[in-house]
Amino acid sequence: MTEATEREVGRARLRKEDARLVTGQTTWTDNIQMTGLLHLAILRSPMAHARVDRVDVSPALERPGVVAAFAGRDLADGLGSLPCAWPVTEDIVMPDHPPVAVDEVRYAGDPVAVVVARDRYAAADALEAIEVDYTPLPPVLDLEAALAEDAPLVHADKGTNRCYVWPLATGEDYARVKERADVVLTRRYRQQRLIPSAMEPRAVVVTPLPASGEYTLHSTTQIPHILRIMLAMVTGIPEHKLRVIAPDVGGGFGSKLQVYGEEALALAVARRLGRPVKWTESRSEGCLATHHGRGMIQDVEIAATREGRLLGLKVDLLADMGAYLMLVTPGVPILGAFMYPGIYKMDAYDFTCTGVFTTRTPTDAYRGAGRPEATFAIERIMDELAAELGLDPIELRRRNWIRREEFPYPSIAGLTYDSGDYAAATDKALALFGYDDLRAEQQKRHERGDPVRLGIGVSTYTEMCGLAPSRVLGDLRYGAGGWEAASIRMLPTGKVEVVTGTSPHGQGHVTSWSQIAADVLGVPFEDVEVVHGDTKAAPQGMDTYGSRSLVVGGAAVHQAAVKVVGKARKVAAHLLEADEDDLDFAGGVFSVKGSPEARTTIQEIAFAAFSSHDMPEGMEPTINAEHVMDPENFSYPHGTHLCAVEVDTETGRSTIRSYVCVDDVGRVVNPLIVEGQVHGGVAQGIGQALYEEAVYDDEGNLVSGTLADYLVPSAVDLPDFVTDRTETPATSNPLGAKGVGESGTIAATPAVVNAIVDALRPLGVTDVAMPCTPQRVWQAIEEASA
Amino acid sequence: MTRISVTVDGTTYEDEVEPRLLLVHYLRDRLGLTGTPVGCDTSNCGACTVDLDGESAKSCSVLAVQADGSEVTTVQGLARGDAWHPLQQAFRERHALQCGYCTPGMIMAARDLLRENPAPTADEVRHALEGNLCRCTGYQNIVRAVLAASGQEVAS
């Protein structure tokens with residue numbers, strides 16, 4: 001690509017998606033209405049753990065408007081176990097997961113029966129008529145107690161609550177390295193459970209065509225392609241008879257990267273009744289039944305020299321699987337396994353993760369998926385080590401991070417970091433933040449005994465994303481590949497259709513993919529349409545998660561467009577009676593070197609190839625092309641986030657005063673969209689640090705199960721963010737992009753908690769458990785002064 | 001069943017409704033005005049915010065029968081032909097939406113604010129929108145958009 005043709009990439013284009021969304025002309029799944037549509041409602045277990053002795057749905061059938069009702073046993077025929085696609089070890093314990101419980105319920109919210117009625121109110125009403133007898137069984141809630149010999153079992157037939165043990169030991173022997181250390185710090189951090197809380201609740205609509213055995217399923221999903229394959233396997237509906245559509249999808253953050261029981265149920269019920277069926281969750285139902293994120297106990301040990309050189313890191317992780325293994329439940333902590341060493345050099349790394357079953361909602365991917373937890377642990381303990389050694393936390397990091405000239409760098413955990421410049425990002429962030437001035441103010445406040453302390457938190461993160469290399473995913477026992485597909489159709493009138501396998505739900509792919517294609521093809525941005533999220537229209541894809549869409553899917557669009565230009569060049573050379581090598585291509589125009597009047601446009605070529613009256617000898621008609629991208633490496637965004645927090649020691653309240661982030665996400669296609677992703681990501685990271693927690697009581701009931709109890713931060717709970725970037729291109733894709741969907745969430749949580757602890761360290765506080773509520777902060781101060 | 005007459009986005013509808021029918025379900029399921037979405041069941045998220053007789057209201061917390069004789073404006077009634085409301089324009093220009101699910105409610109709540117306070121500060125915007133949750137944007141661009149729509153200079 002010559003510079004003259006790069007009109008679009010790097011430009012802050014306003015989004016094509018917005019016109020529909022700001023005017024209310026949306027296509028959310030719950031908007032779908034049709035004649036004869038039936039509504040499905042689900043009766044859920046009110047108990048965390050119980051034997052189901054009897055389910056009688058017949059009273060519900062007497063209720064007005066009710067068409068059918070089913071207990072788990074009624075649906076068990078023709079409805080298999082919900083899938084887990086990531087059995088991380090050979091001997092992993094994989095329990096059965098029926099979409100509707102048959103003999104036993106294992107979390108509050110586990111489905112026990114289904115009602116189908118003519119409208120949503122009638123369906124909801126009829127649920128209360130269903131009779132269920134339960135025999136309570138002991139809940140399993142504590143990760144450590146669950147592993148005891150005599151612990152009650154979530155899945156009695158499996159004989160253990162231990163799902164798997166996954167070890168990774170790299171570099172030198174950790175125990176030996178530890179002997180050389182002057183300082184060894186051990187800390188326990190707790191990753192509380194989070195409820196992803198995408199603003200659009202889940203919904204599914206199934207339209208059957210009984211005569212031909214075809215089904216169309218609309219779902220609030222991030223993964224229409226994976227969903228189609230998995231639902232075919234769960235329901236036995238042949239894959240080619242099942243069409244999955246993800247229409248407008250209102251956020252996901254991993255929570256819609258799932259194959260949900262309700263999706264399988266809607267298919268099963270529509271098949272049974274031969275009628276269209278809709279299910280829409282209420283928010284409080286979603287809090288119980290949409291998967292949760294995080295939920296880990298981290299025992300972390302770091303060994304270093306007196307000068308602050310890291311020698312080794314040991315991590316023992318207990319990861320809460322919840323009651324069942326869903327699509328990638330076991331793999332989430334494993335994605336983190338490679339990131340605990342962060343941006344630092346060391347000699348030994350020893351990691352073990354133990355997956356544990358509990359009687360709580362299953363966990364699975366939530367924005368960052370394993371990597372925020374890892375980054376939190378390393379960035380928190382780096383601050384503790386700095387305090388122990390009497391070093392500035394930035395200085396400690398400088399002494400250990402990988403230097404610019406050392407890339408590509410083989411990380412201690414076995415990854416190859418391809419590019420980065422940690423010093424550049426940090427220096428920029430320090431300047432924007434006014435680091436030295438804030439440190440001076442902090443000191444002054446401390447000296448005068450100000451009840452409102454100032455704390456400064458540092459997070460110099462990296463992450464692995466752009467979930468790709470199929471080969472590596474295979475080595476990790478993940479069930480699918482990591483490629484992404486794109487095809488480009490040059491329409492006869494010169495307009496362009498880009499078909500992508502990614503499935504956006506807020507990320508603005510339509511806009512960014514248009515920019516990429518417009519540049520390569522030399523066509524106007526406005527002339528490009530992007531087709532996605534429908535397995536019939538965009539048949540090949542691996543969907544959207546893991547900050548993979550741009551670096552894999554966007555790159556596929558780029559490569560497909562390059563192929564189109566290659567084909568167009570052949571046709572142009574033929575029509576202009578020139579040699580291919582003698583053609584220039586810029587701004588959509590092919591011209592013969594030295595005789596610029598001999599020219600033709602890519603639109604003219606598109607028409608010529610459509611009519612195909614005069615194609616080069618042996619060339620197929622049309623210049624359409626497709627490309628399947630499978631990068632050889634992950635991508636590694638990095639950056640430095642700095643947070644200043646004022647902590648009122650009398651009330652325990654923490655207020656973020658300033659937040660600066662300098663991110664390196666490689667080459668940027670649309671800076672407006674990138675900034676938006678950073679804002680939203682940081683907001684969710686702050687949410688974990690300060691506000692959010694799925695709280696369970698001792699019986700295993702979800703206490704924070706509505707938006708009145710679960711604190712999704714509002715506009716008054718969040719600060720303005722100062723954002724900036726450095727740009728070291730990724731080497732694993734032709735765009736040089738690294739992905740930005742998760743970086744903010746990964747970076748922010750430790751920056752905030754480090755700031756709070758930094759404010760209180762002079763008072764003897766060394767940790768505050770998340771979320772750092774005023775009560776917890778106040779208690780930490782009280783305990784430290786006791 | 002109760003007979004109601006409600007004017008929504010300039011059109012008057014007469015309908016028989018169950019007394020318990022929520023206004024938002026009346027708009028969505030009966031009138032097909034699906035531009036107003038539902039985001040929660042505790043009136044915390046504000047996604048369903050509409051204008052009810054000149055005041056913003058969460059339409060999940062109002063019964064359709066309570067709206068009898070009222071004028072309702074939804075996000076679908078803001079544009080005049082091809083001309084968008086300044087808030088719709090500003091939300092796009094300032095990238096104040098990502099998935100867009102909270103956007104209708106956010107715009108309707110902001111419209112209510114600007115009617116009462118035509119030149120709010122950033123802090124006033126944040127407080128006015130406290131009852132409208134967004135999970136995508138972190139709110140900064142929403143605040144910028146509302147300030148821009150009010151005609152004030154906004155740092156980018």
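**Entry 1: conventions**

I note that the model is predicted, that local features need pLDDT of at least 70, that side-chain atom pairs count only at pLDDT 80 or more, and that totals for chains, interfaces and linings use all residues. Residues are numbered from 1 along each chain as its sequence is written, while chains are lettered from A and ligands numbered from 1 in the order in which they are written.

**Entry 2: chain A as a whole**

I looked up the secondary structure of chain A and found 20 helices and 28 strands, where helices (H or I, at least four residues) and strands (E, at least two) are DSSP runs numbered from the N terminus. The C-alpha atoms of chain A fill a box of roughly 90 × 70 × 50 Å along the principal axes. I then checked the radius of gyration of chain A, which is 28 Å and agrees with the value near 28 Å for a compact globule of 786 residues; this radius is taken over C-alpha atoms, and the globule rule is 2.2 Å times the number of residues to the power 0.38.

**Entry 3: domains of chain A**

From an automatic or database domain assignment, I read for chain A domain 1 (3–25 + 483–629), domain 2 (32–137 + 199–251 + 256–289) and domain 3 (293–467 + 633–785). The C-alpha centres of domain 1 of chain A and domain 2 of chain A are 40 Å apart. Their contact takes 13 residues from domain 1 of chain A and 16 residues from domain 2 of chain A, two residues being in contact if their C-beta atoms, placed from the backbone, lie within 7 Å.

**Entry 4: helix packing around helix 16 of chain A**

I looked up helix 15 (residues 509–521) of chain A and helix 16 (residues 549–576) of chain A, whose axes come within 9 Å and cross at roughly 30°; axes are lines fitted to C-alpha atoms, for helices over the stretch in contact, and angles run from 0 to 180 degrees between N-to-C directions. The two helices are therefore roughly parallel, given that angles under 35 degrees count as roughly parallel, over 145 as roughly antiparallel, 65 to 115 as roughly perpendicular and the rest as oblique. Among the residues that make this contact are Trp513(A) and Ile516(A) of helix 15 of chain A and Val557(A) and His558(A) of helix 16 of chain A, and by class the contact has 11 nonpolar, 5 polar and no charged residues.

I then followed helix 16 of chain A to helix 17 (residues 602–611) of chain A, where the axes come within 10 Å and cross at roughly 85°, so that these two helices are roughly perpendicular to each other. Ala568(A), Val571(A), Ala572(A) and Leu575(A) of helix 16 of chain A make this contact with Ile602(A), Ile605(A), Ala608(A) and Ala609(A) of helix 17 of chain A, and the class count is 8 nonpolar, no polar and no charged residues.

**Entry 5: chain B**

Chain B is divided into domain 1 (2–77) and domain 2 (86–149), with their C-alpha centres 21 Å apart. In this pair, 15 residues of domain 1 of chain B are in contact with 12 residues of domain 2 of chain B.

**Entry 6: contact between the chains**

Lastly, I looked up the contact between the chains, in which 41 residues of chain A touch 46 residues of chain B. Helix 1 (18–23), helix 8 (283–289) and helix 18 (671–691) of chain A each give two or more residues to the chain A side, and helix 18 of chain A gives the most, with 6 residues. By class, I read 18 nonpolar, 18 polar and 5 charged residues on the side of chain A that touches chain B.

Technical notes: Ala, Val, Leu, Ile, Met, Phe, Trp, Tyr, Cys and Pro count as nonpolar, Asp, Glu, Lys and Arg as charged, and the others, Gly among them, as polar.
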